[in-house]
Amino acid sequence: MQKQRTQHGAGSPLAGWLRDPAAHAVLALGITQIIAWGTTLYALGVLGKPIAADTGWSQTLVFGGLTVGLLVSGAVSTFVGRLLDRHGGRATMSIGSVVMAAGLVLLSLVTDPYTYLAAWAVLGIAMRLSLYDSAFAALVQVAPSRGRRAISYLTLFGGFASSIFWPIGHALNGAVGWRQTLLIFAAANILICLPLHWFGLARREAALQVAPSQAGDQPAAPAEAPLEGTARTIAMALFSLIVAASAFVFGALAVHLVPILEATGMAASAAVLLASLKGVAQVVGRVWDLTLARKWHPIDVGRVSVACIPLSFIVLMLGGADFRAALAFTLLFGVANGLVTIMRGAVPLALFGPVGYGAVLGVLATPYLLLAAIAPAVFALVVERYGYGAGEAIMLGAGLLSLASMEVMALWYRRRKRSTP
């Protein structure tokens, strides 16, 4: 009997999982990321038109609320990063759930455009407290020795946010209206996300005590010393340029992916169906990172992810009105989107280390959020005046800039590594 207890108790994989703070954190944050993304950034995907129809406001104003939110997120990013380092992910993300719920309640009560935009400003603060950049920092605090793997696993959850919440939001809006739907979203953040943040991030792994069974999660080579001084400044500048240029592309296509596909001559229903494959491609890219590329250096994963951005637009622009080209574009773009999310967390961890990681992400997220906020409006203006060909050319240019910056950083980093004892 004692032997049987040993086999099925402390030594079993289930028992190991139950004791693992990283596993608890990934599961808790995985659920909260689905809810947080689904009730904020993706909410207007199904509620935007009902809000505009009910209030009589233009869709430009309604979707402009999200732009305000992202601009505010960028403005407070550095402060929130320092807050994460000072007070920890547990307290910071728990506060984020409360602020998120308050912003959604305020949004459900708006009667004029000014209050509407103010509600999105509150949600902008909440998004920075609750979404990926904060979650990545919280994971590294829980499990600094397995930060990259934990980040990759977490993004698998987030990839399902739109697939889950678009149908939920559509069904709730049809049943109770958009205002009550937002109140239900607020309740989800308080009743589900708040306790998961508080209890799921309560424990941290013991320093320098990694079980042999977890060895597969470790890098193939010993961890490198964090960059310091001038080298740190150069790496921060280059990586900021990489993520900022990619953010311009991802921000624009978060709104304009379906219209771009329609511009190839595709029917609206077919364009929507094809665009939905982007989420599948995101997950495929992230699974690749967890399996075939799990021992790659994060910079090498980043090179692949960023290279897929211009490649996708080259395929689209050369393919013309061809379904196969549109399909290849969507899949390549989805893979890029999925991998760049991981890159944003994994590369800074590899270059700068876990100490002060929250502040580093706060600085790096500022240009990303700001450019993601203005990109949809800039793209729409270009398309309105010069057509989709010009818009796609600008997206290709931004992708090439991101790729060139990544290649420069990779070359610089490897030369420095060879010349440094």
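## Setting the terms

Partly exposed here covers residues between the buried class, under 20% relative accessible area, and the exposed class, over 50%. Arg303 has a relative accessible area of 30%, so Arg303 is partly exposed. Keep in mind that this is a predicted model.

## Salt bridges overall

How many salt bridges does a search of the whole structure find? The search turns up eight. Side chains of opposite charge can pair when their charged atoms come close.

## A buried pair

Take Asp289 and Arg148: they form a salt bridge, with 3.1 Å between the closest N and O atoms. Asp289 sits in helix H13 (residues 277–290) and Arg148 in helix H8 (residues 147–158), so this pair ties together parts 141 residues apart in sequence. Buried or exposed? Both Asp289 and Arg148 are buried.

## Linking H14 and H17

Back to Arg303, which pairs with Glu407 in a salt bridge whose closest N and O atoms are 2.9 Å apart. Arg303 belongs to helix H14 (residues 298–319) and Glu407 to helix H17 (residues 388–419), so the bridge ties together parts that are 104 residues apart in sequence. Glu407, at 29% relative accessibility, counts as partly exposed too.

Asp322 is partly exposed at 25% relative accessibility, while Arg324 is exposed, with a relative accessible area of 65%.

Key. Residues numbered from 1 in each chain as written. Predicted model: local features only at pLDDT ≥ 70, side-chain atom pairs only at ≥ 80, totals over all residues. Heavy atoms only, no water. Salt bridge = Lys/Arg side-chain N within 4 Å of Asp/Glu carboxyl O. Helix = DSSP H or I, 4+ residues; strand = E, 2+ residues; numbered from the N terminus. Buried < 20%, exposed > 50% of the residue type's maximum accessible area, 1.4 Å probe, protein only.
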